[in-house]
Amino acid sequence: MQLSTTDYLEEINKQSQSKFYDWSYHKLLQAGFNSEWAHTINSIVLLFLVILILLIIDFIARKVILSVVTRFIIKSKNSIDDYLIKNKTLKYISHFIPLFIAQQISPIIFLGFPNWLEAINKGIEILLVLNIMLIVHSALKTLRDILKTRKSFADKPLESYLQVSQIVLICIGGTITFSILTGISPLSFLVSLGAASAILMLVFKDTILGFVASISVSANDSIRVGDWIEMPKHNADGTVIEINLNNVKVQNFDKTITTIPTHTLLIDSFKNYRGMQTSGGRRIKRAINIKISTIRFMTEEEIKDLERIQILKPFIEQRRLEISEYNNRSQADQSMPVNGRKMTNIGLFRAYATAYIRQNPNINKDMISMVRQMDPTEHGVPLEIYVFSNDTRFEIYEGIRSDLFDHLFAVITYFKLEVFESPASDDLRNLSIKIDHTHLQ
């Protein structure tokens, strides 16, 4: 409701505390303006003057004081203050100064306009609340960056904690802002908000699920930043690079990024290779398929030839002694190879592979290490190598595994064995030529 000239004069007489306002007001009266126009012009002139002063103060705070502080921080060896600059904490603090001054002098400028004064005071209070929220938010980001440099927090989902803090901060700031605009106490607003909790839960369903999942993941330590995880359902197979409130980012080995909703970590299964990475050993599990038709007993001449292999010689000597004692005790008829015990080429190859693995410096000796014969299939007899490398890095591990099987594939012919492989086109062509040649003869 607009006040009359008389009401303006009474209001001034009651509230006037500024000699400068009175001086400028009387100067306008002396210039020939009536009371109402004098109040209006006086307030507008003072408003522009104060805006100019506030802009100058803001410029000084940002460009002068902040520049001096920034130069001092750059020279400092402490990294904390560097994060304050990076996250604009000092910049937001500098904005606080002109807002605080505006709050103090606004009653002087709009002394004759109480309706305007109330609205402007509310606006300034809201800007102060928003600025404080920005200061707190930037301080939380600074805390996150500092904790990331600490070894104990390097693999923790700090982004999730920051986002939760942001949500809490927004709720608090929104409640205070609503209270300023409506004049309702924050407690009453929160009580009325409880009635709409069902709607809020529906709107923020994914956020709530992500929040619960983040807490669960952190509490159970099921996944960390830097872990190698595999989640086929979401085509994820790589390193976790970020865990936040709503999703987990995985950089696959082909450098693509897969985004997984955080709450699915509680619903769907995934494989985490952290245990392998921290154990100091990575499993090598691969079989060589031996062609069954090449498996046979070894003659004494062949055994003596294989005895020249240094790492196999102790095994042959021990096994020859055991076989000889058994055959003598059982009085086996040696004229028939089936009678008694004999050395086989696959057995000697298995013994050689075991001895070679044990003396290999790239194999972890503290973990299980064996060469075992699996059930025969249409592809031959699988001879499986089951060991652990002593380096878990992907490229090093692949090199160790390849070197191991390169050697075993190369030496297998010395044991009169063949690796099974399906016939190729050249094999079928050569077979056809032999058949045709036989028929021509």
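Select β6 together with strand β8 (residues 381-389), and you will have two strands that pair in the antiparallel sense over nine bridges. As you look at them, keep in mind that this is a predicted model. To follow one of the pairings residue by residue, pick isoleucine 284, whose bridge partner in β8 is valine 387.

Next, show the side chains of Lys285, Arg372 and Glu384, which are linked in a network of salt bridges. In general, side chains of opposite charge can pair when their charged atoms come close. The structure holds 13 salt bridges, and the following stops visit some individual pairs.

Select arginine 393 and aspartate 391, whose side chains meet in a salt bridge with an N to O distance of 2.7 Å. Which of the two is buried, and which is partly exposed? Aspartate 391 counts as buried, at 16% relative accessibility, whereas arginine 393 is partly exposed, with a relative accessible area of 48%.

Move on to arginine 320 and glutamate 307, which form a salt bridge in which the closest N and O atoms are 3.3 Å apart. Arginine 320 lies in helix α14 (residues 313-330), while glutamate 307 sits in the loop between α13 (300-306) and α14, so the pair ties together parts that are 13 residues apart in sequence. Colouring by accessibility would show that arginine 320 is partly exposed, with a relative accessible area of 27%, and that glutamate 307 is buried, with a relative accessible area of 16%.

For another pair, select arginine 144 and aspartate 145, whose side chains meet in a salt bridge at 3.1 Å, N to O. Here arginine 144 is buried, and aspartate 145 is buried as well.

From there, turn to the segments that an unreviewed UniProt entry lists under "transmembrane region", namely residues 37-61, 96-117, 123-140, 161-181 and 187-204. Select residues 123-140 from this list, and you will find a span that is 100% helix and 0% strand, with its end C-alpha atoms 26 Å apart. Then select residues 161-181, where the span is likewise 100% helix and 0% strand, and where the end C-alpha atoms lie 30 Å apart.

How many of its residues are buried, as a percentage? Of the 441 residues in the protein chain, 33% are buried. The chain exposes about 27100 Å², and carbon and sulfur atoms supply 61% of that area. Among its contacts between residues at least 6 apart in sequence, 62% join residues at least 24 apart.

Key
Residues numbered from 1 in each chain as written. Predicted model: local features only at pLDDT ≥ 70, side-chain atom pairs only at ≥ 80, totals over all residues. Heavy atoms only, no water. UniProt positions renumbered as here; feature names shortened; annotations may be inferred. Helix = DSSP H or I, 4+ residues; strand = E, 2+ residues; numbered from the N terminus. Salt bridge = Lys/Arg side-chain N within 4 Å of Asp/Glu carboxyl O. Buried < 20%, exposed > 50% of the residue type's maximum accessible area, 1.4 Å probe, protein only. Pairing = 2+ DSSP bridges. Contact = heavy atoms within 4.5 Å. Areas by Shrake-Rupley, 256 points an atom, 1.4 Å probe, with all protein chains shown as cover.
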